[in-house]
Amino acid sequence: MGYSFFSLAANALTGHRRWKPTWRDASPRDRYDVVVIGGGGHGLATAYYLAKNHGIANVAVIEKGWIGSGNVGRNTTIIRSNYMLPGNTAFYELSMKLWEGLEADLGYNAMVSQRGVLNLFHSDAQRDAYVRRGNAMMLEGIDAELLDREGVRREMPFLNFDDARFPIKGGLVQRRGGTARHDAVAWGYAHGASERGVDIVQNCEVTGFVRDASGAVAGVETSRGTIRAGKVAMAVAGNSSRVAALADFRLPIESHVLQAFVSEAIKPLIDNVVTFGAGHFYITQSDKGGLVFGGDIDGYNSYAQRGNLPTVEDVCEGGMALMPAIGRVRMLRSWGGIMDMSMDGSPIIDRSPVDGLYVNAGWCYGGFKATPASGHCFARLIATGESDPTAAAYRLDRFARGYTIDEKGQGAQPNLH
Ligand SMILES: Cc1cc2nc3c(=O)[nH]c(=O)nc-3n(C[C@H](O)[C@H](O)[C@H](O)COP(=O)(O)OP(=O)(O)OC[C@H]3O[C@@H](n4cnc5c(N)ncnc54)[C@H](O)[C@@H]3O)c2cc1C
C-alpha cells in the first residue's frame with residue numbers, strides 16, 4: 001500500500017475503512033538468508049537497504065518488544081552532521097543526505113524538518129573550538145555558519161543575554177540539521193522493508209545462537225523457536241553487551257540510561273534546535289507545541305528504561321540558565337532509554353569475532369541521526385562483505401589497535417561521551 005494524495009482522497013471517500021496496516025506483523029519462518037536482531041531504527045533500516053540496495057529480501061527483523069519500543073521511539077529527534085573528526089564527518093553527512101531524500105524514498109512522511117541546529121558558545125576558548133569545527137565541516141562540504149552574540153540574539157531574543165552566569169558569546173549553526181519524527185522513522189522503514197518482502201517479527205526475543213560444526217553462527221534461538229539463517233546481524237543498541245554475551249564475546253560498551261523530557265504544549269517559541277554550551281542541555285519544540293529537551297546520561301550502568309530525579313533537576317537547571325522563561329512551563333512527561341556507550345563515543349559497524357555474526361552498536365546518545373547511514377552501511381557490509389568507505393573507521397578492533405575516534409576528546413570513559 002502506497003501513501004499519496006490520491007490514496008488519501010480515495011480512502012476519505014470510503015470512510016477510511018480500507019487502509020491496510022503499515023507493515024505485515026509476520027510470524028517467524030524456519031530459515032532466512034539474513035536475520036537482523038533488533039527492530040529499532042538501525043535494524044529496520046538495515047533490512048530495508050538489504051532489500052532495496054542489494055536485492056536480499058529473504059530477511060527477518062526479530063524484535064523482542066514492539067517496533068519503536070526502544071531508543072528509536074524515545075529520543076529527542078535531533079538530526080545533524082556537524083562532526084569534525086575524519087571517520088565521522090563523511091558518515092554523518094551521508095546520513096544527512098539520506099534524511100533529505102528519505103520521505104520520497106520510503107513513500108512515508110517521517111516529518112523531517114531542517115529547522116537548524118544552533119550550538120551556543122560561552123567563552124573565547126569555546127568559540128575557537130567551534131570555529132575549528134565549522135572549518136573542518138566546510139572543508140568536507142558540510143554547511144556551517146558562525147554567529148556572533150548579536151546574530152544569536154536576532155534569532156533567539158528570549159535567551160538569557162543579560163545576567164547569565166555563562167554569557168552567550170555566539171553560536172555555530174548547521175542550517176540543514178533539525179529534527180525528524182522518531183517513531184515515524186521506525187514505521188517508515190518498517191513499511192518500506194515489509195513492502196519489499198521482509199518479515200518483521202515482534203514479541204520475539206533472541207535468547208541464544210545456533211552454531212554449526214565450525215562454531216560459526218547459523219541462526220538464532222528465540223522465544224518463538226529456532227530460526228536458521230545464512231547470516232545474523234545484531235542492532236540491539238542498549239542490549240548489545242547482553243546479546244554479544246549470548247555469542248560468547250565482549251564488546252567495549254557500557255549500558256547507561258538517558259532521559260528525555262517534554263513540557264505541556266505552548267504556542268510556537270523555539271523554531272530550531274538549540275544547545276547550551278556551558279552545561280549539557282538541548283531543546284526543541286515539537287509540532288504539537290511541547291518543549292522536548294534533554295541533557296546528560298544519568299551516569300551509572302543500567303538496563304532500566306527510566307531514570308532518577310537528580311538528573312531531572314540537573315537538566316531543568318540547564319534549561320533555566322539558558323532561557324529562564326521556560327520556568328513557567330509545566331513538565332508533562334519524562335522517560336528513559338538504554339544507551340550503548342562505547343569507549344570512544346563512536347559506533348561499531350563490523351564483523352564480530354564469531355563467523356556469520358555482524359555487529360552494529362556503540363551509538364551512545366547520537367544514533368538517531370545516524371539511522372539511515374547506519375542501515376545503508378551495515379546492509380552493504382552484510383551483503384558484500386565489504387565496509388562502506390564512509391563507515392570503514394568503525395571497526396571493532398580499533399580499540400586494540402589504538403585508532404579510536406574520540407569526537408569529544410574525553411578518553412576511554414563511556415559515561416562522558
Ligand atoms: C532519551 C534519548 C534521547 C536521544 N536523543 C537523540 C537525539 O536527539 N539524536 C540522536 O541522534 N540520537 C538520540 N538518541 C540516541 C538514539 O535514539 C539511539 O542511538 C538509536 O535510536 C539506537 O539505535 P536503534 O534505533 O536501532 O535502537 P533501539 O530502538 O533501542 O533498537 C534496538 C532494539 O533491539 C531490541 N532488542 C534488544 N535485545 C533483543 C533481543 N535479545 N532480541 C530481540 N530484540 C532485542 C530492543 O527491544 C530494541 O527495540 C537518544 C536516545 C534516548 C534514549
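This is a predicted model: local features need pLDDT of at least 70, side-chain atom pairs count only at pLDDT 80 or more; totals for chains, interfaces and linings use all residues.
Reader: Hi! How does helix 2 pass helix 6, in a left-handed or a right-handed crossing?

Author: Helix 2 passes helix 6 in a left-handed crossing (the near helix is turned anticlockwise from the far one by less than a right angle; clockwise would be right-handed). Helices here are DSSP runs of H or I with at least four residues, strands are E runs of at least two, and both are numbered from the N terminus.

Reader: Thanks! At what angle do helix 2 and helix 6 pack?

Author: Helix 2 and helix 6 (residues 182-195) pack at about 30°, and their axes are 8 Å apart (axes are lines fitted to C-alpha atoms over the stretch in contact, with angles from 0 to 180 degrees between N-to-C directions). That makes helix 2 roughly parallel to helix 6 (under 35 degrees; over 145 is roughly antiparallel, 65 to 115 roughly perpendicular, the rest oblique).

Reader: Which residues of helix 2 and helix 6 make the contact?

Author: Helix 2 brings residues including Leu44, Ala47 and Ala51, and helix 6 brings Val185 and Tyr189, among others (contact: C-beta atoms, placed from the backbone, within 7 Å). By class, this contact has 10 nonpolar, two polar and no charged residues (nonpolar: Ala, Val, Leu, Ile, Met, Phe, Trp, Tyr, Cys, Pro; charged: Asp, Glu, Lys, Arg; polar: the others, Gly among them).

Reader: And how do helix 2 and helix 9 pack?

Author: Helix 2 packs with helix 9 (residues 371-384) at about 55°, with the axes 7 Å apart. The two helices are therefore oblique to each other, and their crossing is right-handed. Tyr49 and Asn53 of helix 2 and Phe378 and Ile382 of helix 9 are among the residues in this contact. It divides into nine nonpolar, nine polar and no charged residues.

Reader: New topic: which residues come nearest to the ligand?

Author: Among the 39 residues around the ligand, Gly38, Gly40, Gly70, Gly337 and Gly367 come nearest (a residue is near if its C-beta atom, placed from the backbone, lies within 6 Å). Helix 2 (41-54) turns up here as well: helix 2 and strand 12 (253-265) are the elements that give two or more residues to this shell. By class, the shell has 14 nonpolar, 20 polar and five charged residues.

Reader: Which domains does the shell draw on?

Author: The shell draws at least three residues from each of domain 1 (5-108 + 181-251 + 344-416) and domain 2 (117-176 + 255-342), with bounds from an automatic or database domain assignment. The domain centres, taken over C-alpha atoms, are 27 Å apart.

How values were computed. Residues are numbered from 1 along each chain as its sequence is written. Two residues are in contact if their C-beta atoms, placed from the backbone, lie within 7 Å.
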